[in-house]
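Dear colleague,

Please find below the structure that I am handing over to you.

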Amino acid sequence: QVQLVESGGGLVQAGGSLRLSCAASGRTFSIYAMGWFRQAPGKERGFVAAMYWSAGGTSYADSVKARFTISRDNAKNTVYLHIDSLKPEDTAVYYCAAQLGPNYEYDYWGQGTQVTVSS
């Protein structure tokens, strides 16, 4: 089992920056990738970014790659999502998730953290 706890959300003004954190615990040695997803009101949850734990590679949704940066602190088993130039359309609940292998789904999810961007 892997437990994930997100933090760092809040209310920010458009144009500002924010850093979300996701701390993993439990069987962290089995993590293949950690990803960020978001769900805006009335929309389906969608992929934002991922960090591939062993290889260190990253991937991003095309819509966010210019403003979002995913990073990690191995010692803390924590992955971060830094968001620059926030826009009202970034308003969503942001979820962290863990994947245990390339042929697995994201099976472990955090509780989510709300990001609200005011115009």
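The largest pocket holds about 160 Å³ of space. A pocket here is an open set of points on a 1 Å grid over the protein atoms alone, where a 1.4 Å probe fits, with protein on both sides within 12 Å along at least five of seven lines; lining residues have an atom within 4 Å of a point. Grid points are joined across faces, edges and corners, and the volume is the space filled by probe spheres set on the points.

Please note that this is a predicted model, in which local features need pLDDT of at least 70 and side-chain atom pairs count only at pLDDT 80 or more, while totals for chains, interfaces and linings use all residues. Residues are numbered from 1 along each chain as its sequence is written, and side-chain values use heavy atoms, with hydrogens and water left out.

The lining of the largest pocket consists of 14 residues, and R38, A40, K43, E44 and E89 are the ones nearest its centre. Two elements, β4 and β5, each give two or more residues to this lining; strands are DSSP runs (E, at least two residues), numbered from the N terminus. β5 provides the largest share, three residues.

Buried means under 20% relative accessible area, exposed over 50%, and partly exposed in between (1.4 Å probe, protein chains only).

Because C22 lies in strand β3 and C96 in strand β9, the pair ties together parts that are 74 residues apart in sequence. The torsion about the S-S bond of C22 and C96 is about -75 degrees, so the disulfide is left-handed. Both C22 and C96 are buried.

Lastly, N74 is placed in the loop between β7 and β8. Its relative accessibility is 45%, so N74 counts as partly exposed.

Yours sincerely

Key: A disulfide is a pair of cysteine sulfur atoms within 2.5 Å. Helices (H or I, at least four residues) and strands (E, at least two) are DSSP runs, numbered from the N terminus.
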